[in-house]
Amino acid sequence: MRLMLALLMIALPVPAAAQSWSWDASLAVVSEYRDRGYDLSAGRPVAQGDMSLSHASGVYGGVWASDIADYSGAEVEVTGFIGWAGEMGGWDVDVGVWQNVYPDGVDVDYVEIPLQIGRAFGSATVSVGAVWAPAQTGTGDDENLWMWTRLDWAPEAWPLSVHAQLGHEDGGFAPDGKTDWLIGAEVPIIHRFAVGLDWSDSDVEDGALVARLRWRR
């Protein structure tokens, strides 16, 4: 896959600039790329990866990339992101800015602003969030809003974790409105590797079972 060599570079050790900084990375192969219920890889397997740098203050930044099906001339999706994550009033808060870039694509790049709030209740974590994109060329000159809620459950006695997510989207990417949902599980195996299986579906496309093999630093 065209991204594999670049993604392998993420796994190389990077010296820490200071004790207050830390970095994380992941590499994955998925049976197909599904996002918000949409099939973005034409049903074929793709490679994905990310790397991020975080400060003890909560400030972070990084880059994420994936192979995609042809999108107005682009075959790779790259997202650069910056943000802040921390605790406020007992809730975990994460707010940032995403720059979504499609190399060789024509008028498809766009900016999104995500906000996530969550809280742990024992072995379960409940999260809600929204991703808003102002009107711009890459969104068809219309703003877009995707709102979602998610449940993650990982009992210590279980060999796996499970998750479920429900979202709704309106705007440039869903002119008539779209509801999407996902349910799945992940099992850690060896040497920071994990395997997962998700059912991804929506009311505008047929659903699919998506398998993945992921490595996390």
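The mean positions of the 12 positive and 31 negative charges of the protein lie 9 Å apart. Lys and Arg count here as positive and Asp and Glu as negative, while His and the chain ends are not counted; each charge is placed at NZ of Lys, CZ of Arg, CG of Asp or CD of Glu.

This is a predicted model, in which local features need pLDDT of at least 70, side-chain atom pairs count only at pLDDT 80 or more, and totals for chains, interfaces and linings use all residues. Residues are numbered from 1 along each chain as its sequence is written, and side-chain values use heavy atoms, with hydrogens and water left out.

The predictor's confidence in each residue, pLDDT, runs from 0 to 100. Its mean over the protein is 93, and 92% of the residues reach 70 or more. Over residues 1-14 the pLDDT is below 50, and this stretch has 32 contacts in the model beyond near neighbours in sequence. Where pLDDT is low, the predicted coordinates should not be read in detail.

The protein has 1 helix and 14 strands; helices (H or I, at least four residues) and strands (E, at least two) are DSSP runs, numbered from the N terminus. Its C-alpha atoms fill a box of roughly 40 × 35 × 35 Å along the principal axes. The radius of gyration is 17 Å, which agrees with the value near 17 Å for a compact globule of 217 residues. That radius is taken over C-alpha atoms, and the globule rule is 2.2 Å times the number of residues to the power 0.38.

The accessible surface comes to about 11,900 Å², with 63% of it belonging to carbon and sulfur atoms. Such areas come from the Shrake-Rupley method with a 1.4 Å probe, and for residues only the protein chains shown count as cover. Of the 217 residues, 36% are buried; buried means under 20% relative accessible area, exposed over 50%, and partly exposed in between (1.4 Å probe, protein chains only). Of the contacts (heavy atoms within 4.5 Å) between residues at least 6 apart in sequence, 42% join residues at least 24 apart.

A74 belongs to strand β6, residues 74-88, and is buried because its relative accessible area is 0%. Not counting residues up to four places away in sequence, A74 touches I68, A69, Y102, P103, D104 and G105. P103 is 29 residues from A74 in sequence, yet their C-alpha atoms are 5.5 Å apart.

D104, one of the residues that A74 touches, lies in the loop between β7 (91-101) and β8 (110-121). With a relative accessible area of 68%, D104 is exposed. Most residues other than glycine have a negative phi. D104 is not a glycine, but has a positive phi of about 75°. A42 also has a positive phi, about 55°, without being a glycine. A42 sits in the loop between β3 (38-39) and β4 (46-55) and counts as exposed because its relative accessibility is 62%.

S127 lies in strand β9, residues 124-133. At 6% relative accessibility, S127 counts as buried. Leaving aside neighbours within four places in sequence, S127 is in contact with Q116, I117, G118, W148, T149 and R150.

Further along, H191 is found in the loop between β12 (174-188) and β13 (193-202). H191 is exposed, at 66% relative accessibility.
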